[in-house]
Structures are given as C-alpha cells and as structure tokens.
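I opened my notebook to go through one model piece by piece. What follows is what I looked up, in the order I looked it up.

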Amino acid sequence: MSEDTRDIRMSKEDICAHLGDEYDRYMGAIVPPIFQNSLFTRKTINHGYSYTRVTNPTIEIAERKIAALEEGEAARCFSSGMAAISAAITHYLKKDCHVICPRAVYVPTKAFLSSYMEKFGVEVTLVAGDSVEEIEQAIRPSTTLIYLESPLSNVFTLQDLGTIAALAKSYGIATIVDNTWATPLFQNPLKHGIDLVVHSASKYLGGHSDILGGVIVGNRDVLDSIMNNERSLFGAVMDPHQAWLLIRSLRTLPVRMKQHEANAMQVAAFLEAHPRVAAVHYPGLPSHPQYELGRKLMSGYSGLLSFIPKGDRQQIQSMMKSLRFFEEGPSWGGFESLINSPGLWVNEETSRESGIPIGLLRISVGLEHADTIIGDLDRALNEM
Ligand SMILES: Cc1ncc(COP(=O)(O)O)c(C=O)c1O
C-alpha cells in the first residue's frame, strides 16, 4: 500500500492482502522485512521501540491486520493460542474470584482455569453454554469473568454472544470469546459487546500447520495494559519470524476459508445422509439445533466438524485407522485433512464431565478436493 491509498475503506480481503505493507516505509519491498532483532538502539534516533518482548514492527503488522479484521481497536500477538488465552484470562482474575465457562471448552483452557488457578483461590462453574438462564444462575458476587468459546470446538454448540455480553455488563462482569473456529472473517464477537476476543493463530490464521501463535483483540486501553503486564511480564510474545509467517498466511485467509467452508459443507451433508453415521455436529447444517442463532452470529462456517459413527469403540477406531487420506492428530485449521478421536477416550462419567459424547470423531476438512475427502470417508464407513 502506498501513502495515497491508505484512507480507502478496506474490505476484509484488502486488509488480509495489504494492510501494513507500507512500501514507502520499507524501501519498496513488496513484502515487509522481518525485524529479527531483540534490541532497538536509541543512541541516534528514538522511534518508540526498545525491546522485542515489549513490541516490534513486524509483530505490529500482524497485530494491525488482525485488529482490523476483528473490528477491534488493538490486537497483541503471543507465542501460542494458550499464551494469549492465559494472558487474557489472567488480566480479569482477582484472588478468590469466580469464573463461568462452558464444560466442553478447549481442554487446556479448562485445565488452566479449574486446576491451575485453584492455587490462587479461583473457582469455576462449568455450564453447557447454550442456556443464558443457566449462565445467569451461576453468577455470584465474586464472578469477574465469563469465558466463552463459540462454537465449541468439539461439539459445536453455540453461545448467544450478544445476550451473554449484555447480561455480563449488567453485573459488571468481563467476557472473553475464543473465536478460533469462526476466524475474524466469519464472526466478530466485539460487535456483540464481548470485551476480548482470543485466537489460536496456529489454526486457520496460520493455516499451514507450520506456526504456533495466539492473538488477543479488544479496546486499546485493555490491550495496552495486557502488553505492559501479562505479555511483558510473562514474556510469551510472538517471535518476529512467526509474525512474518502469520502475515504471509493472512494474505490467503479469505480464499482458504472459502475452500474450507465449501468442502466442509459437502462433507457434513454427506455424513448426515450416510446410514453408518448416528450424528453430525456442524453449525452450517440447517439441522443444527442452533442454526438460526448461528446465522445471526456468523457470516460463514469453517472446516472443523464432528460426527459419531454407528458402532462400538473398536469398530469406530478401526474405521478411523482405515482412512487413507486423513492424517491423525489433535490440531486443525491447516491445509491438510485431519481426524481426531476425543470420544474414544471418554467413559460414561468423563463424557458427562467433559460434554464429549462417547464415539465422537472430529475432522478438520482440508483444502484437498471434496470428492477425495468424501470418497475416503465413504469407503471407510462402508467397510465398518
Ligand atoms: C479452540 C482452541 N483454542 C485454543 C487453542 C490453543 O492454541 P495453541 O495450540 O496455539 O496454544 C486450541 C488448540 O488446539 C484450540 O483448539
């Protein structure tokens, strides 16, 4: 982008492609360079930078892009999604406070809140998440935070972000949403009154299964405080090279998300119609119990979904192992189709506690041809 185009109103595609390029600042380089340095000397000029743990121009380009995509005032990047999540949560915690959080939230987030934070007297109430009444009933005088993840990345139930944000505000409680699934292209929780959005940039934002990263987005005063406290003091800042790869990835985010969505829609519809499938969880299917709420909150759907094949644990496991095209692993949001089996590790009791149904398989639909992905699933399910 050159000086004379900077005040043009940018679409999300334009933001992904160009925001932060500033050719005049970087000697015409079509791709801004990496500031791969820890220290900024102030002997001859004071440009406002001091040390990369505080901030760095390359990290700031990624932050400006993501803040603009989330329609937030500011963003700060971290070394991983969990670094961003733990920093955002810690920002709102007080000694002996109380937090409300969905039961099926990302497991390390739940572990951070309910096991790790226990030693500081933090108490957590786990809720299903799809009932605002249940959340209101859980509020106590000591509640400082309602932590959300919508859709939940295993069972894909949604939380009514606008209603919960208004409820929280009326009690003076802060709200955080993990928006990793929808990405800032398909959902912007800040517009619904949520205080902070967190992302794992290791998923769709990075998109190539080659970086770890995390982001927090929100109002400038909160993000400045997080930069100077939780990020600088814990020190989990994003590395400039990681930030440079993230900027590279963001350029193709809109085209990748279109393809993930188109493929996942076809895969979800195929699974729903398959006689060997008992249930499919995908917010893009009109049969999803919260389809209308999803249409209000989101403008699109990403490529992660779950389903339960008909069969016992062993049959489901061998079906999964017989897939030829899918790699097996717990991450998601990359170019490659992946399968994971959270529902094969739970029994009746842990299924109730975690909200993960027995037999649940989760697939991250990649960027391959939809026919290839569906063909592999069809063969494996028919051989069950
Ligand atoms: C929904 C969700 N949020 C956050 C994270 C944490 O991200 P990271 O692995 O970058 O720390 C993950 C990772 O799988 C996730 O699935």
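**Entry 1: what kind of model**

I noted at the start that this is a predicted model.

**Entry 2: domains**

I asked how the chain is divided into domains. The assignment gives domain 1 as 34-251 and domain 2 as 253-382. I then looked up how far apart the centres are, and over C-alpha atoms domain 1 and domain 2 have centres separated by 26 Å. For the contact between them, 34 residues come from domain 1 and 39 residues from domain 2.

Next I wanted to know what sits inside. As a reminder to myself, nonpolar side chains in soluble globular proteins tend to be buried together.

The largest nonpolar core here has 86 residues. Which of them touch the most other members? I wrote down Trp181, Leu246, Leu253, Leu271, Phe307, Ile363 and Leu377. Helix H10, residues 253-273, gives the most to this core, with seven residues. Both domain 1 (34-251) and domain 2 (253-382) give residues to this core, so I placed the core between them.

**Entry 3: the largest pocket**

I looked for open space next. The largest pocket holds about 370 Å³. Its lining has 21 residues, and those closest to the centre of the pocket are Tyr106, Val107, Pro108, Asn154 and Pro342. I checked which helices take part: helix H4 (107-115) and helix H13 (348-354) each supply at least two residues of the lining. Sorted by class, the lining of this pocket has ten nonpolar, six polar and five charged residues.

Where does the largest pocket lie relative to the domains? Domain 1 (34-251) and domain 2 (253-382) both give residues to the lining, so the pocket lies between them.

**Entry 4: the cavity**

The structure holds one cavity of 30 Å³ or more, and the volume of the largest cavity is about 30 Å³. Val31, Pro32, Trp244, Ile247, Arg248 and Arg251 line the largest cavity. By class, I listed four nonpolar, no polar and two charged residues in this lining.

I found His208 in the loop between strand E6 (196-200) and strand E7 (214-218).

Thr252 is in the loop between helix H9 (240-251) and H10. At 31% relative accessibility, Thr252 also counts as partly exposed. Thr252 and Gly206 are 46 residues apart in sequence, and C-alpha to C-alpha they are 9.7 Å apart in space.

I ended with the backbone. Ser150 and Pro151 are joined by a cis peptide bond, with omega about -5 degrees. Pro151 lies in the loop between strand E4 (143-149) and helix H6 (161-170).

Phe156 is in the loop between E4 and H6 as well. Phi of Phe156 is near 65 degrees, a positive value in a residue other than glycine. Is Phe156 buried or exposed? With 0% relative accessibility, Phe156 counts as buried.

Met27 has a positive phi too, about 55 degrees, although Met27 is not a glycine. I found Met27 in the loop between helix H1 (12-18) and helix H2 (57-70). Its relative accessibility is 82%, so Met27 counts as exposed.

Conventions:
Residues numbered from 1 in each chain as written. Predicted model: local features only at pLDDT ≥ 70, side-chain atom pairs only at ≥ 80, totals over all residues. Heavy atoms only, no water. 1 Å grid on protein atoms, 1.4 Å probe; cavity = no way out; pocket = protein on both sides within 12 Å on 5 of 7 lines; lining within 4 Å. Points joined across faces, edges and corners; volume = space filled by probe spheres on them. Nonpolar A, V, L, I, M, F, W, Y, C, P; charged D, E, K, R; others polar. Core = buried A, V, L, I, M, F, W, Y, C linked by side-chain atoms within 4.5 Å. Buried < 20%, exposed > 50% of the residue type's maximum accessible area, 1.4 Å probe, protein only. Helix = DSSP H or I, 4+ residues; strand = E, 2+ residues; numbered from the N terminus. Domains from an automatic or database assignment. Contact = heavy atoms within 4.5 Å.
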